[in-house]
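Reader: I would like to take a close look at a single part of this structure, and then see how that part sits within the whole. Could you take me through it slowly?

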Amino acid sequence: SWYSALSDDAWPNNFLSNHDMKRTATRYCFGEDDRRAKVALAMLLTLKGTPFIYYGEEIGMRDIPIHKKNDVKDRIGKTFWPLHKGRDGCRAPMQWRNDIHAGFSRVDPWLPVHKNFKERNVTQQSTDPGSMLNFFKAVVNIRKAHPALQKGNFVPLDHQSPHILSYLREYEDEVILVVLNFSIRNLDYALPEGHWIVLLNEKKNYQSSINLAPYQVEILKKLPD
């Protein structure tokens with residue numbers, strides 16, 4: 001509905017979080033499990049439009065907890081506490097490494113770093129193949145390599161499961177299929193007609209369907225007939 005409402009010369013700009021709202025992982029994830037954040041990030045990076053990534057989203061940063069009014073820096077939080085605790089939670093320093101103040105500075109920053117910074121930081125995730133950061137890099141590289149994901153048309157696909165979102169991105173002769181499982185269930189997905197190769201995860205071909213694991217993301221490219 002949103003795309004159809006845009007004029008012919010308009011272009012979508014997409015985001016999931018920013019400095020005025022709770023972070024994606026805070027809203028959607030359970031504890032330190034990043035799977036829901038990965039699905040959301042894959043959607044953001046493959047929808048039609050320009051994706052905007054708020055700092056820290058690429059490593060799945062969570063909001064810092066705000067427990068006391070005296071800890072609040074944001075003017076909105078100071079004014080409307082406790083009905084509105086302000087926007088400080090999503091504005092904590094970037095977590096670069098397992099070091100003082102998460103490597104953000106050598107002196108006390110304006111806001112404290114999240115207590116999970118020793119495990120959740122850029123340095124640690126850089127060496128972890130299954131990390132949020134390396135997942136982010138993989139999807140970005142796919143987007144950069146395929147014009148259909150940059151400027152192609154958006155074609156939503158119907159599916160019997162309300163937990164699966166799938167769509168095509170089409171540009172000239174290139175067709176990319178994105179399949180997102182937003183549930184904790186294993187679900188079967190019937191592929192559209194054609195021969196498809198996997199761009200994300202294991203480099204293999206699917207015949208006619210995919211058995212999607214919980215929160216699985218698949219990005220596939222259609223081979224020429």
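In which helix is methionine 132 found?

Author: This is a predicted model, and in it methionine 132 is found in helix H6, which covers residues 132–145. Because its relative accessibility is 3%, and buried means under 20%, methionine 132 counts as buried.

The surroundings of this residue can be listed by name. If we leave aside the neighbours within four places in sequence, methionine 132 is in contact with Asp34, Ala37, Lys38 and Leu41, with Glu57, Glu58, Ile59 and Gly60, and also with Gln125. Alanine 37 shows how sequence and space can be set side by side: 95 residues separate it from methionine 132 along the chain, while the C-alpha atoms of the two lie 8.3 Å apart.

From here we can turn to the whole chain. Its secondary structure comes to seven helices and ten strands, and its C-alpha trace spans about 65 × 40 × 30 Å along the principal axes. Of its 225 residues, 44% count as buried, and among the contacts between residues at least 6 apart in sequence, 55% join residues at least 24 apart. The accessible surface of the chain comes to about 12,800 Å², with 53% of that belonging to carbon and sulfur atoms.

Lastly, there is the largest pocket, which holds about 310 Å³ of space. Its lining consists of 17 residues, and Lys22, Asp63, Ile64, Gly86 and Gly89 are those that lie nearest its centre; by class, the lining has seven charged, five polar and five nonpolar residues.

Methods:
Residues are numbered from 1 along each chain as its sequence is written. This is a predicted model: local features need pLDDT of at least 70, side-chain atom pairs count only at pLDDT 80 or more; totals for chains, interfaces and linings use all residues. Side-chain values use heavy atoms; hydrogens and water are left out. On a 1 Å grid over the protein atoms alone, a cavity is a set of points where a 1.4 Å probe fits but cannot get out, and a pocket is an open set with protein on both sides within 12 Å along at least five of seven lines; lining residues have an atom within 4 Å of a point. Grid points are joined across faces, edges and corners, and a volume is the space filled by probe spheres set on the points. Ala, Val, Leu, Ile, Met, Phe, Trp, Tyr, Cys and Pro count as nonpolar, Asp, Glu, Lys and Arg as charged, and the others, Gly among them, as polar. Helices (H or I, at least four residues) and strands (E, at least two) are DSSP runs, numbered from the N terminus. Buried means under 20% relative accessible area, exposed over 50%, partly exposed in between (1.4 Å probe, protein chains only). Contact means heavy atoms within 4.5 Å. Accessible areas come from the Shrake-Rupley method with a 1.4 Å probe; for residues, only the protein chains shown count as cover.
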